[in-house]
Amino acid sequence: MSTDTLAPAAVDEVHILWTSEGMSCDGDTVSVTAASQPALEDVVLGAIPGLPKVVLHNKVLSYESGDDFTRAFHQAADGELGPYVLVVEGSIPNERINGDGYWTSMGNDPDTGEPITFNTWIDRLAPGAFAVVAIGTCATYGGIHAMAGNPTGAMGLADYLGWDFRSAGGLPIVNVPGCPVQPDNFMETVTWLLYQVAGMAPPIPLDEQLRPTWLFGKTVHEGCDRAAYYEQGDFAKDYNSPKCQVKIGCWGPVVNCNVTKRGWMAGIGGCPNVGGICIGCTMPGFPDKFMPFMDEPPGGSLSSAVLSTTYGPLVRSLRAITNRSVNREPRWRHNRTELTSGFAPRWPGK
């Protein structure tokens, strides 16, 4: 999915209004502090060539608090703040079923003194943002808070604003899922959008679930260190094994995520890479369609049985034969008197 957009001309400064007042643990904010490609501080301090000046408003990382912190949000809602990118962290509750109160809020209305709900902030800020980014699985698709039986009616941002929503920059919502988000995935995405604000990048390419295509176009399995074991029908029976973990609960073959390829911090880590199973946290169906987490996924028993009893053993035995062959040195490497160069002429006597 892509869109044709026109960026503002001569942009000198862009604000990032980052609100984590949804149903959230602030884990995505904490995760992004580990980014290095690029680092958040490099973007904010102007170390990235071509980017306009970036002003970040995030309650966890901000010096300001209280009214001083929310001032920029009020200015943006009133149309008094230059181009901004709205980052939403946390799932959106359904305030239509809140009873006599409200589910979550940020700051107070200066006229009434009443709390301003998270939903009200989204209603005020999303239409005027150049781009709207949902960070983490809670904001993108509802996540843990939206699982069956939850009392808040929690949902993802696209479910709240509508999947056909378009920002002031003509963009759909940009979803960067993960529980929490992989830090470099988010920083790459927001950097692309900042370049787009400055008119220096084409429209960001998104898939049908509004995820950046270059980040979520492959499965966990396709980048996994353990994938060769799957192909050979060689499966782990417990969590101490280095082999494929499909039979002990891993959903990697069907989950769109690049963490096995990218790692978590500085290329290191990533769930199956360090012994954890993939539980599908980047997917719209998470968590309901992936529970119970430690059980073998549906279809895993069939695919693993086929691989374990037919193709896998045959491939392993044939590879073992070749392995034994290439584990021997060629016969011309020796310290004997005869000369054996390894050259075998096609026509004897020539």
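This is a predicted model: local features need pLDDT of at least 70, side-chain atom pairs count only at pLDDT 80 or more; totals for chains, interfaces and linings use all residues.

Colleague: In what order do the strands of the open sheet come?

Modeller: The order is S2-S1-S3-S6-S7, 5 strands with parallel pairing. Strands here are DSSP runs of E with at least two residues, helices are runs of H or I with at least four, and both are numbered from the N terminus. Two strands pair if DSSP finds at least two bridges between them.

Colleague: Which are the edge strands?

Modeller: S2 and S7 (174-176), each pairing on one side only.

Colleague: And how many bridges join S6 to S7?

Modeller: 3 bridges, with S6 being residues 131-135. In one of them, Ala-134 has Asn-175 in S7 as its partner.

Colleague: OK, helices. Which residues of H3 are buried?

Modeller: Phe-69, Thr-70, Ala-72, Phe-73, His-74 and Ala-76. Buried means under 20% relative accessible area, exposed is over 50%, and partly exposed is in between (1.4 Å probe, protein chains only).

Colleague: What do they pack against?

Modeller: Strands S1, S2, S3, S4 and S5, plus helix H4 (118-125). Contact means heavy atoms within 4.5 Å.

Colleague: What about H7, how far apart are its end C-alpha atoms?

Modeller: They're 21 Å apart, which agrees with the 21 Å that its 15 residues should span at 1.5 Å a residue. That expected span is 1.5 Å times one less than the number of residues. Also, 13 of the 15 residues in H7 are buried.

Colleague: What caps the N-terminal end of H7?

Modeller: Gln-182 does, with a side-chain oxygen 2.8 Å from the backbone nitrogen of Asp-184. A polar contact is a pair of N or O atoms within 3.5 Å; within protein, one must be able to donate a hydrogen and the other to accept it, and residues adjacent in sequence count only if both atoms are side-chain atoms.

Colleague: Switching topic: is Thr-260 buried or exposed?

Modeller: Buried, at a relative accessible area of 5%. Thr-260 sits in helix H10 (residues 259-262), and a polar atom of its side chain is 2.8 Å from the backbone oxygen of Val-220.

Definitions and conventions. Residues are numbered from 1 along each chain as its sequence is written. Side-chain values use heavy atoms; hydrogens and water are left out.
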